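Please keep the sequence and the three-dimensional view at hand while reading.

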Amino acid sequence: DAMLVGNVASFAAFHSRKRVMTALAKWNFALSQGQYYRLVTACFLHASPAHLLVNCVSLNSIGPTVELFFGSRRFALLYFVSGVSGNLLSWGLGRAPLSVGASGAIFGLMGGWGVFLATNKPVLEVHGFHRVEDTLGALVRTCALNIAIGLSPGSHLDNFGHLGGLMGGAICASLIGPRLRDARVGFGGTMAIVDEPVIALPNPAPPRPQRNRNRTTQRRLL
């Protein structure tokens with residue numbers, strides 16, 4: 001939801017401001033001058049209402065499912081890494097000199113979801129998810145269809161941005177994505193699904209106890 005809101009809010013705020021759009025878009029010349037922030041900001045800009053609608057529908061189709069299994073923090077990291085990697089590959093190959101859009105990040109979600117399914121297929125099937133192969137096949141067909149559309153005459157799609165996002169998402173998911181296995185946990189040896197990623201994100205610091213505030217509040221109440 002946060003990514004959807006971010007894309008819509010950015011479009012509403014910046015679309016009519018051409019100077020701002022140019023200042024934040026993925027512009028290969030500006031990137032070569034060291035304006036690397038564009039690798040991120042371009043992921044939240046869209047060229048038209050139709051462009052925004054297509055990406056929002058795509059994001060809403062796959063985003064909630066990926067976030068459900070990855071969690072909010074890993075989902076956000078996957079999204080950003082995918083968007084940046086898509087823009088990096090497009091820039092590195094000199095494609096789409098000036099471009100915007102969340103397509104690379106969305107392709108990265110598809111790549112990450114595919115890696116998750118392939119990696120955790122045995123555990124998922126044991127627990128009742130019997131359509132892993134069908135889902136993987138659907139992902140491959142979706143990516144192939146988008147690439148075919150991008151190669152068609154007159155298309156303005158940045159295929160290398162999509163490919164870079166797909167690759168970045170797949171690599172990111174293979175490192176930080178869920179790796180599930182059945183294990184016995186606790187003193188009673190209860191069977192549970194354990195998540196053991198290759199690289200675990202650091203846990204956020206627990207909130208500090210606010211004893212002084214509590215004491216002050218108690219004094220005021222007394």
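How many nonpolar, polar and charged residues does the lining of the second largest pocket have? By class, that lining has 6 nonpolar, 2 polar and 2 charged residues. In this division Ala, Val, Leu, Ile, Met, Phe, Trp, Tyr, Cys and Pro count as nonpolar, Asp, Glu, Lys and Arg as charged, and the others, Gly among them, as polar.

The model is predicted, with local features requiring pLDDT of at least 70 and side-chain atom pairs counted only at pLDDT 80 or more, whereas totals for chains, interfaces and linings use all residues. Residues are numbered from 1 along each chain as its sequence is written, and side-chain values use heavy atoms, with hydrogens and water left out.

The overall architecture comes next. Along the principal axes, the C-alpha atoms fill a box of roughly 65 × 55 × 30 Å. The chain has 222 residues, of which 36% count as buried. Here buried means under 20% relative accessible area, exposed means over 50%, and partly exposed lies in between, for a 1.4 Å probe and protein chains only. Among contacts between residues at least 6 apart in sequence, 69% join residues at least 24 apart, a contact being defined as heavy atoms within 4.5 Å.

The pockets may now be considered in turn. They are found on a 1 Å grid over the protein atoms alone: a pocket is an open set of points with protein on both sides within 12 Å along at least five of seven lines, and lining residues have an atom within 4 Å of a point. Grid points are joined across faces, edges and corners, and a volume is the space filled by probe spheres set on the points. The largest pocket has a volume of about 690 Å³. It is lined by 34 residues, and those closest to its centre are His-51, Asn-55, Ser-103, Leu-157 and His-162. Several elements, α5 (49–70), α6 (72–92), β2 (98–99), α7 (103–119), α9 (132–151) and α10 (159–176), each supply at least two residues of this lining. The largest share, 8 residues, comes from α5. By class, the lining of the largest pocket has 16 nonpolar, 16 polar and 2 charged residues.

The second largest pocket has a volume of about 190 Å³. Its lining consists of Arg-95, Ala-96, Ile-147, Gly-150, Leu-151, Leu-157, Asp-158, Asn-159, Phe-160 and Leu-163. Helices α9 and α10 each supply at least two residues of the lining of this second pocket.

Apart from residues up to four places away in sequence, Ser-82 touches Gly-104, Ala-105, Gly-108, Leu-109, Gly-165, Gly-168 and Gly-169. Ser-85 likewise belongs to α6. Its relative accessible area is 16%, so Ser-85 is buried. When neighbours within four places in sequence are set aside, Ser-85 is in contact with Gly-164, Gly-165 and Gly-168.

Attention then passes to the strands. Strand β3 (residues 180–185) and strand β4 (residues 190–195) run antiparallel and are joined by 6 bridges; two strands pair if DSSP finds at least two bridges between them. Arg-181 stands opposite Val-194 in β4, and Arg-184 has Met-191 of β4 as its bridge partner. The hairpin of β3 and β4 has 4 residues between the strands, and Gly-186 takes a positive phi near 75° there.

With a relative accessible area of 24%, Leu-201 is partly exposed. Leaving aside neighbours within four places in sequence, Leu-201 is in contact with Arg-73, Arg-74, Leu-77 and Ile-176. Leu-201 and Gly-177 are 24 residues apart in sequence, and their C-alpha atoms are 9.9 Å apart in space.

The cysteines remain. Taking a disulfide as a pair of cysteine sulfur atoms within 2.5 Å, the count comes to 0 disulfides. Cys-56 is in no disulfide, and the nearest cysteine sulfur, that of Cys-43, is 14 Å away. Cys-56 counts as buried, at 14% relative accessibility. Cys-143 is in no disulfide either, the nearest cysteine sulfur being that of Cys-172, 16 Å away. With a relative accessible area of 11%, Cys-143 is buried.

Conventions: On a 1 Å grid over the protein atoms alone, a cavity is a set of points where a 1.4 Å probe fits but cannot get out, and a pocket is an open set with protein on both sides within 12 Å along at least five of seven lines; lining residues have an atom within 4 Å of a point.
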